[in-house]
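The structure under discussion comes first.

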Amino acid sequence: MQDIPIRFTLLLLGLAGVQCMYSSNSDVVDLTPNNFDKKVIDSDSIWIVEFYAPWCGHCQSLKPEYEKAATALKGIVKVGAVNADNHKSLGSQYGVNGFPTIKIFGADKNKPEDYNGARTASGLVDAALNAASQKARNNLGGGRKSSDSKSSSGSKDSKDVIELTDENFDKLVMNSEDMWLVEFFAPWCGHCKNLAPHWASAATELKGKVKLGALDATVHTIKASQYEIRGYPSIKFFAPGKKDSDSVSDYDGGRTSNDIVTWALEKLTESVPAPEIVQIVDEKSLKKACEDKPLCIVSVLPHILDCQSECRNNYLSILKTLGEKFKKKMWGWVWAEAGAQPNIEEALEIGGFGYPALAAVNIKKMKYSLLKGAFSQNGINEFLRDLSYGRGSTAPLKGTELPKIYSHEPWDGKDAEPPQEEDIDLSDIDLDEKDEL
């Protein structure tokens with residue numbers, strides 16, 4: 001008889017292992033593999049589902065807030081809980097790796113959204129109501145369908161967000177030297193939908209400085225897995241320059257467009273190098289330096305015969321100093337020798353005031369502004385500062401396309417010798433010709 005208490009104790013422990021943490025009179029519905037599909041998947045209701053373990057301290061701390069949310073949402077959104085420690089197959093089916101895990105089964109029941117908000121009744125209610133609102137908009141036909149891709153929806157608002165996939169990710173992001181912010185999203189994710197207009201606005205404001213991409217992590221699972229995406233939206237920062245596994249880190253800024261832009265520009269300031277002052281020697285050199293840049297600063301320096309190496313290097317030094325000062329603007333900086341690119345000079349009306357000359361060109365808008373003051377550090381600085389504040393007059397480029405660029409060898413950094421007059425041999429010239437000479 002002495003072993004009866006022991007068996008009784010073991011029985012109690014066994015029952016404790018399968019018990020539901022929520023009582024039968026709670027507004028939280030007990031969900032099991034036997035009723036989950038019928039109650040959750042096959043119903044028209046929005047569900048918030050907690051996957052928990054009875055022994056989990058965080059689950060026990062959440063319990064009063066979770067029950068409070070269930071009571072507040074009664075008749076609006078259903079709230080359930082799964083003992084995933086006992087029903088491991090159900091937890092595994094939905095990728096539950098820790099406790100508590102909360103998922104929202106909204107418009108697309110086959111793709112529940114991870115809840116990553118505050119563990120409070122208020123936070124849970126807000127997320128539930130957002131999911132219900134989104135479903136209602138979808139039912140009206142005004143919401144975005146779950147299969148839509150945010151970056152390829154065709155909306156002009158997202159035109160500057162670059163659509164990324166498993167196939168193009170390495171080529172566009174890892175093999176570039178640009179700075180990238182990449183959002184990993186799920187089309188059904190409410191937080192992702194809230195972020196979408198801010199992400200698009202930031203992409204437009206940062207265009208030419210920082211690239212913003214978006215990858216549907218529910219479709220392109222290889223990259224989502226590689227970067228250990230656990231919730232949506234997840235934003236990763238890829239530093240400028242050559243990239244490797246150490247180039248990526250988590251974005252830890254705010255979720256408004258202003259937050260994103262401010263954070264990105266601060267990172268850019270920390271790492272962006274001073275721009276190279278590129279000589280225009282062919283069309284490729286011009287495009288590489290200025291394509292996709294908000295402005296291109298074009299200088300035309302005197303011919304090497306009129307301004308030898310020391311003189312030219314002094315001008316280039318001024319441009320390098322100003323390039324460093326304005327590097328956060330992510331402008332392109334190029335120069336040409338007077339007469340080497342006559343079509344550029346004509347399009348920018350350069351040369352009338354002599355050399356050196358300088359103009360700021362907006363290639364996309366086909367407009368430019370000409371420096372009319374001194375070609376000096378102070379003169380150019382004042383000119384560029386006014387442009388950055390939106391001051392200064394602009395004029396349209398002549399013609400409907402970029403001027404033709406002539407190819408030639410780059411400057412070798414040396415002085416140039418003036419052409420020598422050929423010696424004339426008078427021995428072969430008769431006397432009459434000598435008199436004429």
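Glutamate 324 has a relative accessibility of 39% and counts as partly exposed; by definition, buried means under 20% relative accessible area, exposed over 50%, and partly exposed in between, with a 1.4 Å probe and protein chains only. Its salt-bridge partner is lysine 327, with N and O 3.3 Å apart. Lysine 327 counts as buried, at 18% relative accessibility.

## Basis of the values

This is a predicted model in which local features need pLDDT of at least 70 and side-chain atom pairs count only at pLDDT 80 or more, while totals for chains, interfaces and linings use all residues. Residues are numbered from 1 along each chain as its sequence is written, and side-chain values use heavy atoms, with hydrogens and water left out.

## Other salt bridges

A salt bridge is defined as a side-chain nitrogen of Lys or Arg within 4 Å of a carboxyl oxygen of Asp or Glu. By this rule the count is 14. One of them joins aspartate 170 and lysine 223, at 3.0 Å from N to O. Aspartate 170 belongs to helix α6 (residues 169–174) and lysine 223 to helix α8 (residues 221–226), so this pair ties together parts that are 53 residues apart in sequence. Helices (H or I, at least four residues) and strands (E, at least two) are DSSP runs, numbered from the N terminus. Lysine 223 is buried at 5% relative accessibility, whereas aspartate 170 is partly exposed at 35%.

Lysine 88 and aspartate 85 also form a salt bridge, with their closest N and O atoms 3.9 Å apart. Here lysine 88 is exposed, with a relative accessible area of 54%, and aspartate 85 is partly exposed, at 22%.

An open sheet is formed by 5 strands in the order β1-β3-β2-β4-β5, with mixed pairing. The edges are taken by β1 (29–31) and β5 (113–114); each has a single partner strand, so one side of each is left without a neighbour in the sheet. Two strands count as paired if DSSP finds at least two bridges between them.

Strand β4 (residues 101–105) runs antiparallel to β5, and 2 bridges join them. Lysine 103 has aspartate 114, in β5, as its bridge partner. In general, strands of a sheet pair through backbone hydrogen bonds, either parallel or antiparallel.
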